[in-house]
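Trainee: I am new to this structure, and I would like to go through its packed helices with you. Could we take them one pair at a time?

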Amino acid sequence: MATTLQPNRFRLRPVGMAAAALGLVIATYGVAALRATPPPAANANGAGTGAGTGTGTGAGQVAPGLGAPPVDVTLASPGGPALAVGSLAQIDHSIAGWTENLAQESKDFYAATNLGLLYEGRARLTGDIADYDRARQALEQSIAVAPEESAARVVHARVLASLHEFPAALAEARAVFTADPTQLPALAVEGDSALELGDVATATAAYGALAKAAPGAAVDARLSRLAFIEGRPQDAWRLARQAYDEDVAAGDTGQSESWYAYVLGTLAMTSGQPQQALDWFNRAVAEWPGSFLANAGVGRAQAALGQTAAAIQAYQAAIAIAPQPDAVAALGDLYAIGGQPKLAQDDYATVEAIGHLAALNEQVFNRQLVLFSVNHDRDLAQALQLAQTELAVRKDAYGYDAVAWALLANGRAADAQVAIGQAMAFGTIDPLFEYHAGLIAQALGQHDRAVDLLQQALAPVGALDPLATARAQAALASLEARR
């Protein structure tokens, strides 16, 4: 059993005399709380299960709906520790101890780094953006004391990516890897951040190098995501299934296996196979009942299959674990469609409260807020501003799509068509793009094109959420009636 990140009950040696070996191991919803190798003169007191689990669609999200991909043990720093997983209570216990250590010695970079890792693990479990910010602050305290400790800088880069500060994450990860090519986790962060910025070429190069240096499930999951973005759905499925099988063969269970199963469920939904998706999501929940992503996935698949009551229960379970805007909005939509407007409005108000709770929430949940606002006719001018502000930095397919959708809602259909064209130029096969493009074409009077696009969007059963499906069907019926 891996040891937990327990604090040392003594003062560490001065920074100049210590070198903490901090490996970078994340697995599924990974705790990312690592067991550090203490300085030679020290022994960490306490043992038990480790720090935590969980990643959120909002905070750690690298791919829409997928959450942050794991960094496999093969990507650990040389001499790195074993992964430790455990409960929120265990994380909080360790945080309290390391906070005490750091209060006693402000230059204790070992304690500061461990706090950063623990807060990151807590954020992945709870979906709390503030915990990512606490992780960043702790890691920056560590780096200020020991800037030569590249492992802490990699974790810092990863946290920046979780906060959607992708340019900064990319720059730091690239600097670390350039200085120390053994830091493969830095290369993973570089590839992930580049892909989120729409730089497919850089992501391809980074993932290719990772595949040569450390082949395995974590890299295949990234290659699957890249294939999806490039419009190669069969390759995406093959690689995701390969990643799942590799993870199982490695003996990983629980959070790790749950995440890979969740990825397969998400791909099955996008390709219009809701029953297959439900099977994978249920497998993900069985492996880790505490996964709010997997529970929300069950709700999404059940809603597509017309199992509305079960879908509501699944979304409620996901929200009880960690309320994320997309899951809360989806639950509200089911209430609205089912004739329960009061419950729907309560959920919609909750989405806005979460999204605008703090500037960081607005930054991380940007796209969820944009799509929610347009879909529910709420503050359309602000939705466009949010989408354009993010696109100025993050020029990926989903960024262009969000801008296109917001432009259409603000009466700028011609500009929306340009933006949706830029989104679709990536090659990504996502019925959401075709749905948006279809309504944009309808607004421009391009009836035949609108019909073709809406038919394509509706062809994969359940790929669109129930609200979008109903609107697409209504628009298509109206267009066909005019033919």
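Mentor: Let us begin with a contact in this predicted model, where N366, R367, L369, V370, S373 and V374 of helix α17 meet L380, A383, L386, A387 and E390 of helix α18.

Trainee: Into how many nonpolar, polar and charged residues does the contact of α17 with α18 divide?

Mentor: The α17 side includes L369 and V370, and the α18 side includes L380 and A383. Sorted by kind, the residues of this contact divide into 7 nonpolar, 2 polar and 2 charged.

Trainee: Are α17 and α18 roughly parallel or roughly antiparallel?

Mentor: The axes of α17, residues 366–375, and α18, residues 380–391, come within 9 Å and cross at roughly 150°. Because angles over 145 degrees count as such, α17 is to be called, relative to α18, roughly antiparallel.

Trainee: Which hand does the crossing of α1 and α2 have, left or right?

Mentor: Helix α1, residues 88–104, packs against helix α2, residues 109–126, at an angle of about 155°, with the axes 9 Å apart. The two are therefore roughly antiparallel to each other, and their crossing is left-handed.

Trainee: Over which residues does pLDDT stay under 50?

Mentor: The mean pLDDT of the protein is 83, and 82% of its residues reach 70 or more. Where pLDDT is low, the predicted coordinates should not be read in detail. That caution is for the stretch where pLDDT stays under 50, although the model has 276 contacts beyond four places in sequence for it, namely residues 1–85.

Technical notes
Residues numbered from 1 in each chain as written. Predicted model: local features only at pLDDT ≥ 70, side-chain atom pairs only at ≥ 80, totals over all residues. Heavy atoms only, no water. pLDDT = per-residue confidence, 0-100. Contact = heavy atoms within 4.5 Å. Axes fitted to C-alpha atoms, helices over the stretch in contact; angles between N-to-C directions. Helix = DSSP H or I, 4+ residues; strand = E, 2+ residues; numbered from the N terminus. Parallel < 35°, antiparallel > 145°, perpendicular 65-115°, else oblique. Nonpolar A, V, L, I, M, F, W, Y, C, P; charged D, E, K, R; others polar. Left-handed = near helix turned anticlockwise from the far one by under 90°.
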